[in-house]
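Thanks for coming. I will go through the pockets of one protein and then its nonpolar cores.

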Amino acid sequence: MNTHSFLIGTTPALLWGPPTGRIFVAVHGAGSSKNDAPIALLADVAVPLGYQVLSFDLPAHGARAADGSTFTIEACTEDLTAVLQYAKTQTPRLSLFGCSAGAFCGLLAGQQMTFEQCLLLSPVLDMRQLTEGLMAAAGISKAQLQQQKIIPLANGPVLYWRDYCYLCEHPVQQWQSPTAILRGELDTLCAQPDAARFAATYGCRLTVVPGAEHYFHTDTQLAAYRSWLQQTIYTG
């Protein structure tokens with residue numbers, strides 16, 4: 001597929017397909033990059049349907065893995081806001097794709113906008129709740145995080161006091177774009193009650209893949225994801 005690498009400010013970005021007057025802004029999740037499998041598959045389906053896909057590397061990911069940036073929701077949301085501003089200079093017809101933590105950043109950055117459509121794959125819908133769950137599981141109090149400022153967890157994630165405060169001060173308070181959600185039946189980061197509640201509140205279409213977990217990576221899971229994209233992407 002035709003792709004074009006460039007910078008939006010200092011953020012490495014990738015355009016998939018030729019200009020069409022419609023852009024899907026795609027946000028990857030933690031531990032991924034702008035050209036990961038879910039985004040490549042999105043482009044594979046969306047480009048023939050008349051879309052261009054714009055993806056980019058979140059802080060400390062992809063081409064930014066060694067640039068000294070920090071993966072926080074605040075930094076990710078700021079970068080996504082800049083990417084959305086760039087996309088709006090190219091066309092008013094924007095759609096949004098977000099995966100995992102990237103989906104939550106999309107909800108924060110895009111809640112004042114109206115997208116043609118929004119597709120969320122395994123979305124984290126309440127990052128504050130997830131962070132507090134990680135803290136509780138590790139036996140870390142808010143007072144301890146405030147005192148230490150930064151606490152790496154044994155299983156990989158890093159907790160930041162500043163980012164926790166950001167999450168407390170910036171909840172998702174509205175969402176007005178037509179949205180479809182795909183989650184795995186066994187996904188613990190996008191739990192069924194949370195997904196169902198969000199879908200009911202904002203009128204989203206919720207689809208569940210039996211037996212799938214948070215990370216869609218097997219042939220069967222990716223086939224289900226592809227089928228969902230083919231059935232869901234708006235072509236009118």
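A lining residue is one with an atom within 4 Å of a pocket grid point. Also, please keep in mind that this is a predicted model.

With that, the largest pocket. Its space comes to about 750 Å³. The lining has 32 residues, and A30, F71, S100, A101 and M127 are the closest to the centre. Which element supplies the largest share of this lining? That is α4, with 4 residues. Helix α4 spans 127–138, and at least two lining residues also come from each of α1 (37–46), β8 (158–160) and α6 (161–169). Sorted by class, the lining holds 21 nonpolar, 9 polar and 2 charged residues.

Next, the second largest pocket, with a volume of about 320 Å³. Here 15 residues form the lining, and those nearest the centre are L125, D126, V172, R197 and F198. Helix α7 has the largest share, 5 residues. The classes here are 8 nonpolar, 3 polar and 4 charged.

Now the cores. The largest nonpolar core has 42 residues, and the members that touch the most others are V25, L54, I73, L80 and F104. Helix α3, residues 101–110, gives the most to this core, namely 7 residues. Take V25 as an example. Leaving aside residues up to four places away in sequence, V25 is in contact with L54, L80, V83, L84, A87, S95, L96 and F97. Another core, of 27 residues, lies apart from the largest one; L42, Y51, L182 and A212 are among its members.

F97 stands opposite L119 in β6. Strand β5, residues 94–99, pairs with β6 in the parallel sense, over 4 bridges.

Is β6 buried or exposed on its two faces? In a regular strand, side chains alternate between the two faces of the sheet. Strand β6 runs over residues 118–121, with C118 and L120 on one side and L119 and L121 on the other. These four residues are all buried, and both faces of the strand are covered. Buried here means under 20% relative accessible area.

That is what I have; questions are welcome.

Terms used
Residues numbered from 1 in each chain as written. Predicted model: local features only at pLDDT ≥ 70, side-chain atom pairs only at ≥ 80, totals over all residues. Heavy atoms only, no water. Core = buried A, V, L, I, M, F, W, Y, C linked by side-chain atoms within 4.5 Å. Buried < 20%, exposed > 50% of the residue type's maximum accessible area, 1.4 Å probe, protein only. Contact = heavy atoms within 4.5 Å. 1 Å grid on protein atoms, 1.4 Å probe; cavity = no way out; pocket = protein on both sides within 12 Å on 5 of 7 lines; lining within 4 Å. Points joined across faces, edges and corners; volume = space filled by probe spheres on them. Nonpolar A, V, L, I, M, F, W, Y, C, P; charged D, E, K, R; others polar. Pairing = 2+ DSSP bridges.
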